[in-house]
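Let's look at how charged side chains pair up in a protein model. Have the 3D view ready as you read.

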Amino acid sequence: MRQIEVNVAYRWYLNLNFDQEVPDHSTISKTYARRFADNDIFEKLFIHILSLADSFGYLGNDDIHGDATHIKASANKRKYEEIDVEAIDSIKERLLVDINELREELDQKPIELEKYETKDDDLDNDINNRPGGSHPDKKYYDEDRYITKKSTKKVKVSKVDKDAGYYYRDEKEKGFVYQDHRLVDGLYNFIIATSIEPGNIHDSKAIFKALNKLEEYGFEYKKIALDSGYNNVELMEYLNHINKYAVIAHRRFSKTKDKSYYDIEQDFFVCEMGCIFKKKNVNKSGVIQYYHRENCYECPKKCFSGKTTKFKIFTRHIWAGYRDDNRTRRLSSEGKELYTKRKETVERSFADSKQNHGLRWTLYRGITKNQNYNFLLCAAQNLKKICRLKAIEYAIEQENKENGPTICIF
């Protein structure tokens, strides 16, 4: 506010004359806290700036790129309490249908699961419905879900900011953080969707809220590139269901120590001794079990390591084919070209936010205030980009008037 008093450029941008008094900073703060509390004006402003970019032809409507970054919450990591919450694992209705179809082929009884019902209130601010990232709100998904497992787990809840999630990894600092899930357009790197979530929700589940926002905004896209944090069969199935060309980076899972392999054409496993293991069962989570008791009873190697079973069991998810299709796209020339643009788009967008807009940490508490600020932040970035592109177009027009038509790539 002090800069506005003396900076001519700021006064020109805000349409303030030299004899006009600059509003006090407390006026802005109280207006933000009172008049705009529980208001969607910030998202409307973000959508308006995005529509301006679209009207100028700056949105490609072809490929988009997504990623997430952690924002340090305004909360002391030592001031928390541990509470017991109900953790719920659930599956999609389409997955349950596929499971029962396979069980019918194997002459097994169909599985009946309890339907997952959400509460009527807004779950975004209810920490009890965010059990360590085991499942987000059902509205992030495109259909009904069914419960496969209920359990109780301890979750650290901040005494200062209850909406922040406790995040910890071996190579990173532990503490309460938020995460910003962002989608950017591949043409000029405009931010087309942003979603603030607690830091203890897995990327592959939190991304659904940002994807659903694109549908609300009416933004069409054909391709999407994501990093290895989104390597999840449920997300791959969803993107395939809505007919999107998705490229998700490889994620290293546990490797088998022997030379066993899966025959994708015959749909069975072959162990290192050459024995064939056909599918025998599929559980309620969608995991297919391949085993053959007689092969292991007479096997001299005895390679099975389970204490409860006396034979080797191979496992494969019923939707694992979507991961195989993703690998084919990822290794193709089109997929490599699409994924390479991530570092020039969404990663660059986060870098600008952290360097110029203070995204490394937050001064606000609560997920609603942080989401509103993030809408303003992203709207500012998009507006600056519009100004730069219009300035380039104006410079080209002036040069064409003086020197004739020229070819310029920007």
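**Salt bridges in this model**

Glu393 is partly exposed, with 25% relative accessible area (buried means under 20%, exposed over 50%, partly exposed in between, using a 1.4 Å probe and protein chains only). The model is predicted, so local features need pLDDT of at least 70 and side-chain atom pairs count only at pLDDT 80 or more, while totals for chains, interfaces and linings use all residues. Residues are numbered from 1 along each chain as its sequence is written, and side-chain values use heavy atoms, leaving out hydrogens and water.

**Within a helix**
- Glu393 pairs with Lys390 in a salt bridge (a side-chain nitrogen of Lys or Arg within 4 Å of a carboxyl oxygen of Asp or Glu), and their closest N and O atoms are 3.6 Å apart.
- Both residues sit in helix α12 (residues 367–403), three residues apart, about one turn of the helix; helices are DSSP runs of H or I with at least four residues, strands are runs of E with at least two, and both are numbered from the N terminus.
- Lys390 is partly exposed too, at 34%.

- Asp84 and Lys154 form a salt bridge, 3.1 Å from N to O.
- This pair links distant parts of the chain, 70 residues apart: Asp84 is in strand β2 (residues 80–92) and Lys154 in strand β4 (residues 145–158).
- Asp84 is exposed at 52%, and Lys154 is exposed at 55%.

**One more pair and the total**
- Asp40 and Lys44 form a salt bridge with closest N and O atoms 3.7 Å apart; Asp40 is partly exposed at 40%, while Lys44 is exposed at 52%.
- A search of the whole structure finds 19 salt bridges.
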